[in-house]
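Dear colleague,

Please find below the structure that I am handing over to you. My notes on it follow directly after.

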Amino acid sequence: MAEIKVDPVDDHTMVIPETEISAQKPHRTLRVASLDIFRGLTVALMILVDDAGGEWPMIGHAPWHGCNLADFVMPFFLFIVGMAIPLALKRIPSKGKAVKKVVFRTLKLLFWGLLLQGGFSHAPDKLTYGVDMQMIRFCGILQRIAFAYLVVALAEIFLKDAQSNDIAAGYCSVFRLYCWHWLLGACILILYLAMLYGIYVPDWQFAVHDKESAVYGRVFAVDCNVRGKLNPPCNAVGYIDREILGINHLYLKPAWRRAKACTDNSPYEGPFKNDAPSWCHAPFEPEGILSSISAVLSTIIGVHFGHVLVHLKGHSERLKQWIMMGFALLILGIVLHFTHAIPLNKQLYTFSYVCVTSGAAALVFSAIYILVDLWGLKYMFVPLKWIGMNAMLVYVMAAEGIFAGFINGWYYEDPHSTLVYWIEKHIFIGVWNSRRVGILLYVIFAEILFWAIIAGILHRFGIYWKL
């Protein structure tokens, strides 16, 4: 399903005609270094928040409303996917070939998503594999990316009105050229808001299927009978997932378990309070159906930034568009949140969350573009560029723990007596005499930097994992 190929240019990554950035031969293509770096930064952030977030909850996912560092990772990925779409599809003149390529890539993303996050892989801590099909998790990171990619890529193929690469540098010129994309985005937003605030959520009950839970097998009831609520137990996002996917196929350990209502250790994980609400024990799908519909908006915004890169030739014209839109989105999202109109919420993927995270993505990418493409400071970001050029490999091996799980399979006497645990305990935690600091440094140096070096070696030999 995935391919390891020796190829100096990855065919699905971000490329622009070389004549747009240099005066060399017109038919060659180059990768957009700033986008590779942004992708690499996002993968590095994912590893950091996943593996160090338990000790540093301020960088982990917000338990419910709010937005921590971890909550920027998914929308950054979707934004990057959106930017890549017009850059990749512009080289495929046939709509039929483009559709075939998009559908095939979507299926590969779905396959890897189910394999890695459906419950089959228990890496890195458990030396087992396999999943009860009655409990398989259908949704996940790659599945959401696959859905957003499919919708937006097909829109790019069929809704594009003009083929001209040169348009006026006016602020609204790119918007006008791709007005149907924005109409699609408006329809998605209206559909999402109508369902989020309009669907009636009845009372419901569930049995605890987490075998590590002290109340495994116990049945709880949740009182709702409401409409338009955005609290953990009674929102339309969770209701739709329970009805369509089935409650047995949802994520067993949602971030709300760290909420103050559930544990005295909040924002850290800990045992539930004796009087904790019943919903604290319930599963919830953070990459569910309705929230994934809203997530498409992040990709549509990313596509707009890709269109700007394709059509506008000057750095100043591009940056003016990107920075103005970035600040506009950021301000709109903050206003919606602090006026209590629409709270920031990653699990529900609210509109304010779309605005804040997309605006942040726009500004971060613009900053990288200035440093790399304007000021030529590429060497400062070489490790992130290497990760970005082999993002799938680093995601699978590091973020999903497959490599660590393989190493943990070779232990001495006890499954916890492995090279990974020894390095973590004696080189990092022991030296600093602090688990929190040791874990943070272990993730930065033994995971992120290590995989940056591996990706750099593979880049040196022109080897990339392609989907």
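P267 is found in the loop between α7 (236-244) and α8. The model is a predicted one, and in it a cis peptide bond joins S266 and P267, with omega at about 10°. Most peptide bonds are trans, and most residues other than glycine have a negative phi. Both parts of that rule have exceptions here, and the remaining ones are set out next.

Backbone exceptions

N225 has a phi near 50°, a positive value in a residue other than glycine. This asparagine sits in the loop between β6 (219-222) and β7 (226-227). With a relative accessible area of 44%, N225 is partly exposed, because the range for that class runs between 20% and 50%.

Overall build

The chain contains 15 helices and eight strands. Its radius of gyration is 23 Å, close to the 23 Å that the globule rule gives for 467 residues, so the chain is as compact as a globular protein of that length. The C-alpha trace spans about 65 × 55 × 40 Å along its principal axes.

Of the 467 residues, 50% count as buried. The accessible surface of the chain comes to about 21,400 Å², and carbon and sulfur atoms account for 65% of that surface. The chain carries 39 positive and 34 negative charges, whose mean positions are 7 Å apart. Among contacts between residues at least 6 apart in sequence, 72% join residues at least 24 apart.

The interior

Which residues touch the most other members of the largest nonpolar core? They are F38, I145 and Y395, in a core of 126 residues. Leaving out residues up to four places away in sequence, I145 touches M74, F77, L78, V81 and L109.

P124 lies in the loop between α3 (95-117) and α4 (141-158). The relative accessible area of P124 is 24%, which makes this proline partly exposed. P124 and N408 are 284 residues apart in sequence, yet their C-alpha atoms are 7.1 Å apart in space. Setting aside neighbours within four places in sequence, P124 is in contact with G401, A404, G405 and N408.

With kind regards

Notes
Residues numbered from 1 in each chain as written. Predicted model: local features only at pLDDT ≥ 70, side-chain atom pairs only at ≥ 80, totals over all residues. Heavy atoms only, no water. Helix = DSSP H or I, 4+ residues; strand = E, 2+ residues; numbered from the N terminus. Rg over C-alpha atoms; globule rule 2.2 N^0.38 Å. Buried < 20%, exposed > 50% of the residue type's maximum accessible area, 1.4 Å probe, protein only. Contact = heavy atoms within 4.5 Å. Areas by Shrake-Rupley, 256 points an atom, 1.4 Å probe, with all protein chains shown as cover. Lys, Arg positive; Asp, Glu negative; His and termini not counted. Charge placed at Lys NZ, Arg CZ, Asp CG, Glu CD. Core = buried A, V, L, I, M, F, W, Y, C linked by side-chain atoms within 4.5 Å.
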